[in-house]
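Student: Could we go through this structure together, one packing question at a time?

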Amino acid sequence: MILACNHIQKAFADEPILTDATFHINEQECAAVVGINGAGKTTLLRIITGELDADAGEVVRAKDTITGYLPQQQGYQSENTIYEELLSVKADVIEMDRQLRTLEQEISRTEGGALEKLLDRYHRLQTAFEAGDGYSYKSKVLGVINGLGFGGDAMHQVINQLSGGQKTRVALGRLLLMEPDLLLLDEPTNHLDLTSIRWLENYLMNYKGSILVVSHDRYFLDRIADKIVEIDSGRITSFTGNYSSYSQKKAVLRETLIKQYYNQQQEIRHQEAVIEKLRSFNREKSIKRAESREKMLDKIERLEKPAEFEKTMSFSLTPSCISGNDVLHVEGFAKSFGRNHLFQDVSFDIRRGEKVAILGQNGTGKTTLLKMIQGMEPTDSGISITGTNVEIGYYDQEHQVLHEDKTIFEEIQDDYPDLNHTAIRNVLAAFLFTGDDVFKPVRLLSGGERGRVSLARLMLSQANFLLLDEPTNHLDITSKEILETALNNYTGTVLYVSHDRYFIDRTATRILDLTGHKLLSYNGNYSYYLEKKETVEQIHLTGPDPSAPAGTPPVKDQASDAKLDWKQQKAQAANRRRLENQYNKIEQAIETLESQIAALDEEFSLPENATNAHRLAELTAAREEKEAALSEAMDEWERLAEELG
């Protein structure tokens with residue numbers, strides 16, 4: 001055991017946050033702390049590090065344990081570059097390397113007994129150098145730099161010139177390279193793109209120390225956690241397994257506790273009725289029996305009523321009208337900011353009822369693409385056309401559509417003047433704004449509160465086409481699950497940007513991946529995207545022209561820049577739908593053929609067929625036929641994938 005928290009208690013202004021919190025972390029164990037916003041997750045980490053004193057209880061660490069802590073906010077100041085800062089973590093190894101080089105020079109000039117002493121000193125230093133990963137420290141530093149998205153020239157940026165999110169990534173890199181015995185990480189994926197998150201997952205899965213992490217990223221927790229530490233109403237419960245395992249166990253436990261509570265309440269009511277009846281007989285014997293039952297009833301340890309419904313958002317998304325089948329047509333979109341070329345010749349269609357997620361690394365232009373569709377950002381070239389009866393609702397991750405000087409109540413009242421006072425309060429209550437909270441100015445709201453106000457406006461818009469930019473940012477896990485349910489029940493169309501892979505996996509029917517200045521389409525959720533990503537990219541992404549000078553933007557296809565009339569666009573959209581239907585059918589055919597071949601292989605292995613020459617010949621002929629059909633289907637799939645690209 002490397003860490004134990006025993007009976008920790010903490011309150012702020014007489015409001016209890018942690019009540020008798022007890023749990024432990026074993027060596028090489030990765031535990032995740034979960035709970036709704038305000039449950040006390042960050043408070044717990046600060047108590048463990050000693051930044052905050054507990055009101056009661058104790059934190060016990062194993063002897064000589066080195067602890068590293070990554071808080072959410074960084075007050076990082078340094079004139080070093082990113083590379084210099086991360087390399088400085090290995091200062092002791094670098095110094096040993098310098099001493100080894102110096103000793104090598106001395107050894108070459110020394111003889112006799114002095115040489116033996118130098119050689120002995122050299123071998124001892126070399127052993128320590130090897131133990132400190134002296135021969136691989138540079139590659140480790142570069143691996144962390146690249147993994148966290150600072151590869152190439154980015155590693156030479158001065159830290160004082162970085163954004164807050166970039167500084168947090170640098171702090172995370174320093175912490176990983178320090179390799180403490182116990183890693184405490186508070187929302188480490190907040191400022192990472194999907195590629196960097198996947199890298200971090202693999203790094204932590206192979207980490208030799210112990211980890212205690214706070215995160216709302218359920219996909220991340222599924223991959224790295226082997227224990228979940230839940231904070232609920234100030235109390236801590238530990239569950240073995242990852243997040244999905246915890247979610248299932250929690251549901252079963254909750255149902256069991258509710259049944260136990262109601263069964264006990266039923267038994268108590270029964271006993272009280274019997275006691276009352278016995279007393280009503282007004283006989284000495286009956287009264288004694290009533291008193292005896294009362295004593296037994298008083299000894300019962302009363303169960304607390306479980307919180308059947310946590311204090312969470314409650315809302316649904318309902319479009320005011322049904323749009324046409326063709327919701328959005330984008331043709332030839334291109335966008336650059338100076339020499340930063342985001343994308344070129346991006347074209348796609350969105351059909352009614354689709355839930356489409358846009359993926360891509362930070363800086364590829366996902367938010368810009370949404371703003372171009374919404375008309376908030378001008379295009380360099382290309383057009384976007386919405387279909388019949390399409391009404392757009394937009395969720396901005398920076399919440400720029402909110403007015404800093406208005407109160408929450410005024411935000412809703414001014415946008416929806418037909419709603420009376422009671423109706424507005426009911427709407428805001430559904431998003432956890434009650435009492436005087438509704439009169440708080442927007443400028444004083446946290447990121448999560450601003451997100452809930454934006455979601456309230458989105459619900460009231462009754463739009464049938466939602467453009468959502470990072471809708472799960474600042475939401476706790478419970479709120480994310482409520483939003484997932486709302487989107488899955490929504491009968492309109494959704495196009496959204498998100499880094500939340502669990503959210504994407506549960507809501508997306510199609511993925512658009514903005515990569516290599518192109519937009520690649522995958523007809524499925526995030527798991528399907530991961531399965532097909534490598535194959536599709538091999539087909540569609542080609543390297544740059546080696547003869548082109550560095551920094552040269554992709555060559556524009558002049559024909560794609562021309563605005564096509566509506567009939568041409570409709571014809572192109574229809575042709576693409578035809579190809580997509582063929583593509584989907586051929587994929588299903590490939591899956592069917594692969595299943596049939598697998599079934600034939602099973603028949604080959606049956607004992608009764610082993611000596612049946614006639615049956616074996618039939619099976620061989622059938623398998624060859626299926627293999628030939630599969631080969632043709634794969635060729636057709638590749639051709640269609642090329643056309644769709």
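This is a predicted model: local features need pLDDT of at least 70, side-chain atom pairs count only at pLDDT 80 or more; totals for chains, interfaces and linings use all residues.

Student: Which strands are the edges of the open sheet of six strands?

Tutor: The order is S5-S6-S7-S3-S8-S9, with mixed pairing; strands (E, at least two residues) are DSSP runs numbered from the N terminus, as are helices (H or I, at least four). Two strands pair if DSSP finds at least two bridges between them. Those pairing on one side only are S5 (67–70) and S9 (235–240).

Student: In S7, which residue stands opposite Ala32?

Tutor: S3 (residues 30–34) and S7 (residues 210–214) run parallel, joined by four bridges. Opposite Ala32 stands Val213.

Student: How are H9 and H10 oriented to each other, roughly parallel or roughly antiparallel?

Tutor: Their axes come within 8 Å and cross at roughly 160 degrees; axes are lines fitted to C-alpha atoms, for helices over the stretch in contact (heavy atoms within 4.5 Å), and angles run from 0 to 180 degrees between N-to-C directions. Angles under 35 degrees count as roughly parallel, over 145 as roughly antiparallel, 65 to 115 as roughly perpendicular and the rest as oblique. H9 and H10 are therefore roughly antiparallel.

Key. Residues are numbered from 1 along each chain as its sequence is written. Side-chain values use heavy atoms; hydrogens and water are left out.
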